[in-house]
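Here are a few exercises to work through with the coordinates open in your viewer. Try each one yourself before reading the solution.

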Amino acid sequence: MTFIVGLTGGIGSGKSAAAALFAELGAAVVDTDAIAHELTAPGGAAIEPIRSAFGAEVITPNGALDRAAMRRRVFADAQAKARLEAILHPMIRAEADRRSAAARAPYVVLVVPLLVESGGYGSRVQRVAVVDCPEDIQVARVMSRSGLSAEEARAIMAAQVGREQRLAAADDVIDNGGELAGLRRQVDALHRHYLEMAAVS
Ligand code: ADP
């Protein structure tokens, strides 16, 4: 069986940076955000089910999900949000399963931003690694990466589980409150650990 490490963390904590370092070392990285984008790109498998559920007004002329229109629909409508997630989440999980099973690497790093929030992944991962940093650093990184305001960054963070709850779900904590060199050292050490665990799994 493929050994799968679930990698999670709040927005801007450094999940993508950590995943890139694991990939450099030879792990297979399966990214659920990337899968979600592919499913909702022009010709993506989620487009027709979304069109049936929400109408053509949430699809752009070139056949992608119109994210801004969809955000407006689900913003004040919890039922619409649940309906969208009922379409997308099973498709994302199925594709993540396919990619994990097809991976030709000693182990898989499955990046799931909302791993702690969403359930559904507990049975899929043998290990949970949480990328952690102080919230002020998260805000600063999100602002410099995406140009969002501090308020927008904090609003996204407020919709995610808090730091303590995420840490409580961790088997391994990656402290990304410092320099990238420190992140690299921790990923190197975990990689060796995961290779050993994968060899006996
Ligand atoms: P996530 O995937 O968790 O949202 P990213 O890996 O994209 O977070 O990191 C957010 C931003 O912070 C990116 O621009 C990234 O390059 C930067 N970053 C990540 N870790 C560090 C670090 N240790 N020092 C400086 N910048 C970092």
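**Exercise 1.** In this predicted model, work out how helix α2 (residues 32-39) and helix α5 (residues 78-102) pack: the angle, the axis separation and the handedness of the crossing.

*Solution.* 
- Start with the handedness: α2 and α5 make a right-handed crossing.
- Next comes the geometry. The packing angle is about 120 degrees, and the axes lie 10 Å apart.
- Now list who touches whom. From α2 you get Thr32, Ile35, Ala36, Glu38 and Leu39; on the α5 side they meet Leu88, Met91, Ile92, Glu95, Ala96 and Arg99.
- Finally, sort that contact by class: 7 residues are nonpolar, 1 is polar and 3 are charged.

**Exercise 2.** Find the buried residues of α2, and decide how they are arranged around the helix.

*Solution.* 
- Pick residues with under 20% relative accessible area. In α2 that gives Thr32, Ile35, Ala36 and Leu39.
- Look down the axis of α2: these buried residues fall within an arc of 100 degrees, so they line one face of the helix.
- Then ask what covers them. The cover includes α5, along with β2 (28-31), α3 (47-54) and β3 (108-111).

**Exercise 3.** Check whether the length of helix α7 (residues 135-146) agrees with its residue count, then sort out its buried and exposed sides.

*Solution.* 
- Helix α7 has 12 residues, and at 1.5 Å a residue they should span 16 Å. The C-alpha atoms at its ends are 16 Å apart, so expectation and model agree.
- The buried set of α7 is Gln138, Val139 and Val142. These residues cover an arc of only 95 degrees around the axis, which puts them on the same side of α7.
- What do the buried residues of α7 pack against? Their partner is α8 (150-158).
- Step past the end of α7 and you reach Gly147, which has a positive phi, near 75 degrees.

Definitions and conventions
Residues numbered from 1 in each chain as written. Predicted model: local features only at pLDDT ≥ 70, side-chain atom pairs only at ≥ 80, totals over all residues. Heavy atoms only, no water. Helix = DSSP H or I, 4+ residues; strand = E, 2+ residues; numbered from the N terminus. Expected span 1.5 Å × (residues − 1). Buried < 20%, exposed > 50% of the residue type's maximum accessible area, 1.4 Å probe, protein only. Arc of directions from axis to C-beta. Contact = heavy atoms within 4.5 Å. Axes fitted to C-alpha atoms, helices over the stretch in contact; angles between N-to-C directions. Left-handed = near helix turned anticlockwise from the far one by under 90°. Nonpolar A, V, L, I, M, F, W, Y, C, P; charged D, E, K, R; others polar.
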